[in-house]
Amino acid sequence: MNRAHTFPTAFVDLTFEEAKVLSGACKEYVRAQNRKNFEVTAPGLIAGSKVLTHLAARIDKTLAEHKFSTVMAKLDTRSPKDSALYNPSEIAYQQLVKNELRSLHLPLLGDVYSGDSANEIVMAFIRAQNRALAVCSGLELLKVFIHSFRISEDLSAALSYGKDFFDIQIVLREWDERVVNHPEGEFRCFVYKGQLNSATQYFTSVVFPELVSRKKAIGEQICQYFKKHVRDKLAETHESYVIDFLVLSQAPDDIKVVELNPFYASAGAGCFSWKDDRKQMMEGPFEIRVVEQKPSSAGRDYFDNWIPLRWREFVCGLVEERKNSRRLKLGAAFTAFAVGTVAVAISFLRLRRRR
């Protein structure tokens with residue numbers, strides 16, 4: 001596939017010994033968190049290991065060689081997209097959530113934890129979770145990895161086959177703000193024996209009105225891009241696979257390939273189901289699905305389902321803080337307006353008396 005169709009990428013080979021030590025650090029961090037021993041930190045685990053310190057330096061060297069200032073890092077199996085999800089006590093992650101929630105215009109009255117407001121809050125949380133993947137150094141990268149259950153699981157699985165069969169890499173993808181700024185543009189697509197049969201919005205926890213109104217057009221755009229730029233280029237090496245696209249605009253070729261996965265049930269199916277829709281995903285005809293029903297009917301359950309319990313108190317606190325702040329500002333503005341109005345009225349009456 002032409003590199004122009006995806007993001008600039010570099011690779012760092014992970015040795016068996018490095019994987020063992022990194023896996024051990026992941027598990028030690030989890031044990032400490034479970035015991036509420038917050039003195040054990042990812043940076044501390046890295047600094048206390050010569051192996052991990054050396055690995056961080058190798059990563060820094062690769063970043064410099066490719067002139068990457070910021071990257072999204074993952075293993076060649078999965079990404080650490082759950083790193084912020086399980087670590088609400090991390091100040092850096094808290095700040096990301098704060099920044100996203102501060103940009104929302106929530107209603108001052110009524111229940112903000114259901115309906116459109118809940119949809120906006122969940123969307124903001126997703127953006128913060130994605131921004132947590134941006135790293136600028138080997139140290140930051142390993143910290144995010146240690147915070148991730150997905151990385152820990154994949155390292156354990158790879159190590160279980162032994163040194164002779166160990167083959168895993170760290171993937172460095174140049175950071176692109178458009179990925180975070182356009183969560184509505186990411187689609188997971190299912191290709192079986194060279195045929196694109198299904199496409200689903202990637203983030204199924206939120207409703208994107210623009211997807212609902214343009215569903216057919218987006219489906220046609222993805223199909224045309226796939227036929228023009230992807231199908232034939234992957235045909236020699238890949239017959240069936242799951243591929244993620246980022247649709248950036250309505251321009252026909254303004255699409256990026258995000259990642260490629262095997263065609264198997266462990267890959268998330270989005271709006272489809274491996275159990276109920278397997279025939280559709282394998283035989284077609286092409287169908288695109290997006291979330292069309294707004295969460296208003298779900299009430300508070302929608303918010304509780306998509307904001308993890310460990311984050312809920314923090315998020316609710318920020319939402320209430322923002323509402324109170326807006327109320328105070330509006331109250332101050334109203335008071336200033338009222339005082340000004342009274343002052344004008346008094347001046348007017350005085351002027352009339354003089355006449």
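A residue is called buried under 20% relative accessible area and exposed over 50%, with partly exposed in between (1.4 Å probe, protein chains only). The model is predicted: local features need pLDDT of at least 70, side-chain atom pairs count only at pLDDT 80 or more, and totals for chains, interfaces and linings use all residues. Residues are numbered from 1 along each chain as its sequence is written, and side-chain values use heavy atoms, with hydrogens and water left out.

Helices (H or I, at least four residues) and strands (E, at least two) are DSSP runs numbered from the N terminus. In helix H4 (residues 91-102), the buried residues are Tyr 93, Gln 94, Val 97, Glu 100 and Leu 101. Viewed down the axis of H4, these buried residues fall within an arc of 130°, so they line one face of the helix; the arc is that of the directions from the helix axis to the C-beta atoms.

Helix H3 (residues 50-65) buries Leu 52, Leu 55, Ala 56, Ile 59, Thr 62 and Leu 63. Their arc about the H3 axis is 120°, so they too line one face of the helix. The face of H3 turned away from the buried side carries exposed Lys 50, Lys 61, Ala 64 and Glu 65. Among the elements covering the buried residues of H3 are H1, H6 and strand E4 (168-174).

The axes of helix H1 (residues 16-34) and helix H6 (residues 138-146) come within 9 Å and cross at roughly 55°. Contact, meaning heavy atoms within 4.5 Å, is made by Leu 22, Ala 25, Cys 26 and Tyr 29 of H1 and by Leu 142, Phe 145 and Ile 146 of H6.

Terms used. Axes fitted to C-alpha atoms, helices over the stretch in contact; angles between N-to-C directions.
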